[in-house]
Amino acid sequence: MIQVEGLIKIFHRGSVNENVALSGVDLHVADGDFVTLIGSNGAGKSTLLNAVAGAFPVDAGAIRIDGRDVTRLPEHVRARDIGRVFQDPLKGTAASMTIEENLAIAARRGLRRGLARGVRGGDREEFRALLATLGLGLENRLRDPVGLLSGGQRQSITLLMATIRRPKILLLDEHTAALDPKTAHLVMDLTDRLVERDRLTTLMVTHNMEQALRHGNRTIMMHRGRIILDVSGEERRGLTVKDLLDKFHEVRTDDEGLSDRMLLA
Amino acid sequence: MSFYTFMGALEQGFAYALMALGVYLTFRVLDFPDLTVDGSLPLGAAVSATWITTGGDPYVSIALGVVAGMVAGWVTAFLATKLKILHLLASILTMIALYSVNLRVMGRPNITLLTEPTVFAPLEGRGLPNHILYPLVFAAVVLVCGVLLWWFLHTELGLALRATGDNPAMITAQGVNTTFTVMLGLALSNGLVALSGALVAQSQGSADVGMGVGTIVAGLASVILGEALVGDGSVGRALVGVVLGSVVYRLAIATALSVRFGDLALTPSDLNLITAVLVVVALGVPGLRSKLLRRRAVA
Ligand SMILES: Nc1ncnc2c1ncn2[C@@H]1O[C@H](COP(=O)(O)OP(=O)(O)O)[C@@H](O)[C@H]1O
Ligand SMILES: [Mg+2]
């Protein structure tokens, strides 16, 4: 479903701040795969998701979604196939607009937007039913501005928006990181339910190792713009948080060894 | 203030409410401070007046004026989105350029329409005196435009436009090209502003290249006054507020002009200063007040 080949992204190319965020990433995600993506800060996880979503042009490589080469397509065109949830709960919804208006916008993702009513009579029933599944009481607050809601409520709505029209791929970038543990748990539950309901091909970044192993069917670790670990199936089932931490330390130590060697040279 | 002056202020309030609705659309809905309006208001007037004086139909002249205004708004949007010029600067560039364009369109600094047919002419002399007729006509136009705008802002496209101003990252992720929505919004806004200019020119009987000076400040004053009076809880409230704000603003101006402080009397040329002070107070007072309240709470 997602094919990434030889992807390179360099920020501030040719300046003193030059920063190689992706240095040749190859990744094939099969239809229905739920991949969890971990790695230290600055490893390039967000950059990889943003590159797939089309937030910026890449310096080399190709990205295909469902067989179609999207490398040169602008972000809003790729959005037809992509559902996204960001780390910041404020980023996924329009605060000044009502819950039903936000959902209605998402319900038209990838369709032509014209002069028909934005929120139609039939929509409301559907929205109410969807919101009821959250168990947050939002089904009775369709006309409340989203800005009145808490971070967890907004993130839950963003998840509904990302999946209300079945996306070909779902991109989640630490979407529970800004929430308190209890809310994070609720949002993660909702994520699992939605992914299972529609068998969504999913790429989820998390800094929580346990979350990375408990959810999904494949785990990838990135470091310095590369994929350094890619486990699934039997091998993944045997993996513990400690194994992942060991792997982290291993690459860290390699880095230090490298810089030590450079110092010596 | 005489009844006659009062009706005059009411007429202006409704006439410029069309412009204020345009300013609301950019400033509040799209979060795009657009100074193009200082040029697109006289552009609407210039196109309309020129068309009429060359023998054209006054209704067609208004349509042409609106289209010209829409093009002006689109140019600003193009500079801001495609050429990535800062929005404020982009709109100033269009505004400045429009000064020359308006002079070119008219061929001279002002055009008199007193002896020409206007859209008001067929309504005159049917029992209602002009100082009552004109405010009514403008109120009717404002009502139609206001309802249309309310309807549009609740369509699929309208929701996309509102979300563009609220959260561009979100609406892009929902598959909307924000370049398009910004262009659409600025075109609609400046179309309304040009409509206002064209109608004002026809009602006051002249188009003048300098008539746009201070348009943005008057528009902002109306929008802010409206929010203070009615609130902005929903699009409907906000639109009603803008119209009300525009009327109250013109009444306040008329009042200010009618009072004397000893030897000092305010003249129309003082209006821009008064308005600027008004906007500063309206924008600055809420912050100042919460600061004072906090200080009092601490004390
Ligand atoms: N928009 C950007 N402009 C410049 N540098 C960026 C940008 N986004 C990310 N980077 C840099 O790219 C590297 C990878 O960042 P990121 O993908 O956000 O890491 P992660 O999500 O794994 O923590 C970091 O060094 C970061 O500073
Ligand atoms: Mg990140």
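This is a predicted model: local features need pLDDT of at least 70, side-chain atom pairs count only at pLDDT 80 or more; totals for chains, interfaces and linings use all residues.
**Where the chains meet**

- The contact draws on 32 residues of chain A and 21 residues of chain B.
- About 2200 Å² is buried between chain B and chain A, and carbon and sulfur atoms give 59% of that area.
- Three residues stand out on the chain B side: Glu156(B), Leu159(B) and Gln174(B) supply 32% of the area that chain B buries against chain A, more than any other three residues.
- For charged pairs, the rule finds 3 salt bridges across the interface of chain B and chain A.
- Arg162(B) forms a salt bridge with Glu101(A), and the closest N and O atoms of this pair are 2.9 Å apart.
- On chain B, helix 5 (130-152), helix 6 (156-166) and helix 7 (168-173) each supply at least two residues of the side that touches chain A.
- Helix 6 of chain B gives the largest share of that side, with 7 residues.
- By residue class, the side of chain B that touches chain A divides into 11 nonpolar, 7 polar and 3 charged residues.

**The six-stranded sheet of chain A**

- In chain A, 6 strands form an open sheet with mixed pairing, in the order 6-7-8-3-9-10.
- Strand 6 (82-85) and strand 10 (226-232) of chain A stand at the edges with a single partner strand each, so one side of each is left without a neighbour in the sheet.
- On average, neighbouring strands of this sheet are turned by 15° against each other, direction ignored.
- Strand 7 (residues 169-173) and strand 8 (residues 201-205) of chain A run parallel and are joined by 5 bridges.
- Leu172(A) has Met204(A), in strand 8 of chain A, as its bridge partner.
- Helix 1 (residues 45-53) of chain A lies across strand 3 (34-39), strand 6, strand 7, strand 8 and strand 9 (218-223) of chain A, and runs at about 150° to strand 7 of chain A.
- Helix 5 (residues 151-163) of chain A lies across strand 6 and strand 7 of chain A, at about 175° to strand 6 of chain A.

**The four-stranded sheet of chain A**

- Another open sheet in chain A is formed by 4 strands in the order 2-1-4-5, with antiparallel pairing.
- Strand 2 (19-29) and strand 5 (68-69) of chain A are the edge strands, and each pairs on one side only.
- Strand 1 and strand 2 of chain A run antiparallel and are joined by 8 bridges.
- Leu7(A) stands opposite Val25(A), which belongs to strand 2 of chain A.
- Helix 1 of chain A packs on this sheet too, touching strand 1, strand 2 and strand 4 of chain A, and the direction of helix 1 makes about 65° with that of strand 2 of chain A.

**Salt bridges beyond the interface**

- Over all chains, the structure holds 21 salt bridges.
- One of these joins the side chains of Glu5(A) and Arg64(A), at 2.9 Å from N to O.
- Because Glu5(A) lies in strand 1 (residues 2-11) of chain A and Arg64(A) in strand 4 (residues 60-65) of chain A, the pair ties together parts that are 59 residues apart in sequence.

**Backbone angles to look at in chain B**

- Most residues other than glycine have a negative phi.
- Asp31(B) has a positive phi, near 55°, and lies in the loop between helix 1 (3-29) and helix 2 (37-53) of chain B.
- Lys84(B) also has a positive phi, near 60°, and lies in the loop between helix 3 (58-81) and helix 4 (87-106) of chain B.

Note on methods. Residues are numbered from 1 along each chain as its sequence is written. Chains are lettered from A and ligands numbered from 1 in the order in which they are written. Side-chain values use heavy atoms; hydrogens and water are left out. Contact means heavy atoms within 4.5 Å. Buried area is the accessible area (1.4 Å probe) that two parts lose on being put together, summed over both. A salt bridge is a side-chain nitrogen of Lys or Arg within 4 Å of a carboxyl oxygen of Asp or Glu. Ala, Val, Leu, Ile, Met, Phe, Trp, Tyr, Cys and Pro count as nonpolar, Asp, Glu, Lys and Arg as charged, and the others, Gly among them, as polar. Two strands pair if DSSP finds at least two bridges between them. Axes are lines fitted to C-alpha atoms, for helices over the stretch in contact, and angles run from 0 to 180 degrees between N-to-C directions.
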